[in-house]
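Here are my notes for someone opening this one for the first time. Have the sequence and the model side by side as you read.

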Amino acid sequence: MRETFFKIAVASVLLVFATPAGADKAEAKAHFKNGVELFKDANYEGALVEFKAAYEAQPHFKVRYNIGTSLYKLHRYVEAKAELDAYIAEGGDKIPQKDRLEVQGILYEIQSLIGTITVTCNVEGAQVTVNGKEAGPCPFTEPLQVNLGEHDVQVSAIGYKTFEQTVTVAGGKAVVVNASLAPVSSPIVPGPAPEPAEPSSP
């Protein structure tokens, strides 16, 4: 069912790019066609690059669907959800009801493949990174959406030892990380060396 919709999206977007226009549309059409061929060959990384290039050259809401589909195939569900949400937002009333329902069904499935991480800590404003990427200061204003699987959480602040924890997030589940940062002990500074003693008289 999704495969059918993908072909419809491809045909309609190619029709849009085929209309007379300047170099931007010609470039977008070339990138889009490359993306389609790469997607058919299951080269989803390459397809994603080409679809993004097509959108940058000539933004069109239907390309958002193809970007989201490529991200879905790469198991990057959080990003796929963002693209498909953007597809619906940008397309608005231009999206046929059948296509809208189709994408909403995909989004419902993606939601079951996404979990959340909430980080609390004893040092307000401590910097949180997840999988090496900055996630914001602690505490979070709202849970961080992540793909299901393992995630490395680090919490750091000046004057404190870095907190590290690996958590496993299941789809649709919420994980809370309580980070307790310990102060760094002040180094012991050695005092001045004692003066040598005067030799005693014979």
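**Notes on the model**

1. Let's begin at one pairing: Thr129 stands opposite Gln154 in strand 5. Thr129 itself lies in strand 2 (helices, H or I with at least four residues, and strands, E with at least two, are DSSP runs numbered from the N terminus). With 16% relative accessibility, Thr129 counts as buried (buried is under 20% relative accessible area, exposed over 50%, partly exposed in between, with a 1.4 Å probe and protein chains only). Leaving out residues up to four places away in sequence, Thr129 touches Glu134, Ala135, Asp152, Val153 and Gln154 (contact means heavy atoms within 4.5 Å).

2. Before going further, a word on what you're looking at. This is a predicted model, where local features need pLDDT of at least 70, side-chain atom pairs count only at pLDDT 80 or more, and totals for chains, interfaces and linings use all residues. Residues are numbered from 1 along each chain as its sequence is written, and side-chain values use heavy atoms, with hydrogens and water left out.

3. Back to strand 2 (residues 127-130), which pairs with strand 3 (residues 133-137) in the antiparallel sense over four bridges; strands pair if DSSP finds at least two bridges between them. Gln127 has Pro137 in strand 3 as its bridge partner. Strand 2 also pairs with strand 5 (residues 149-156), antiparallel and over four bridges.

4. Which residue in the turn between strand 2 and strand 3 has a positive phi? That's Asn131, at about 55°, in a hairpin with two residues between the strands. Asn131 has this positive phi although it is not a glycine, and at 42% relative accessibility it counts as partly exposed. His75 is another one to look at: its phi is positive, about 65°, and it is not a glycine either. You'll find His75 in the loop between helix 4 (61-73) and helix 5.

5. While you're checking the backbone, look at the peptide bond joining Cys138 and Pro139, which is cis, with omega about 0°. Pro139 is found in the loop between strand 3 and strand 4 (144-147). For background, most residues other than glycine have a negative phi, and most peptide bonds are trans.

6. Now for an open sheet: three strands in the order 4-1-7, with mixed pairing. Strand 4 and strand 7 (174-179) stand at the edges with a single partner strand each, so one side of each has no neighbour in the sheet. From one strand to the next, the twist averages 35°. Strand 1 (residues 114-121) and strand 4 run antiparallel and are joined by four bridges. In that pairing, Gly115 has Val146 in strand 4 as its bridge partner.

7. What packs on this sheet, touching strand 1 and strand 4? Helix 5 does, and its direction makes about 115° with that of strand 4 (axes are lines fitted to C-alpha atoms, for helices over the stretch in contact, and angles run from 0 to 180 degrees between N-to-C directions).

8. Helix 5 (residues 77-91) also meets helix 6 (residues 97-111): their axes come within 10 Å and cross at roughly 155°. That makes the two helices roughly antiparallel (over 145 degrees; under 35 is roughly parallel, 65 to 115 roughly perpendicular, and the rest oblique). On the helix 5 side the residues include Tyr77, Leu84 and Ile88, and on the helix 6 side they include Val103, Leu107 and Ile110.

9. Finally, the aromatics. A search of the whole structure finds five aromatic pairs (rings of Phe, Tyr and Trp, using its six-membered ring, pair if their centres lie within 6.5 Å; planes under 30 degrees apart are stacked, over 60 edge-to-face, and the rest tilted). One of them is Phe32 with Phe51: the centres are 5.2 Å apart and the planes at 50°, so the pair is tilted. Phe32 lies in helix 2 (residues 23-40) and Phe51 in helix 3 (residues 44-57), so the pair ties together parts that are 19 residues apart in sequence. Both Phe32 and Phe51 are buried.

10. The rings of Phe39 and Tyr44 have centres 5.1 Å apart and planes at 70°, so that pair is edge-to-face. Phe39 counts as buried, at 6% relative accessibility. Elsewhere, ring pairs link Phe61, Tyr65 and Tyr87 into a cluster.
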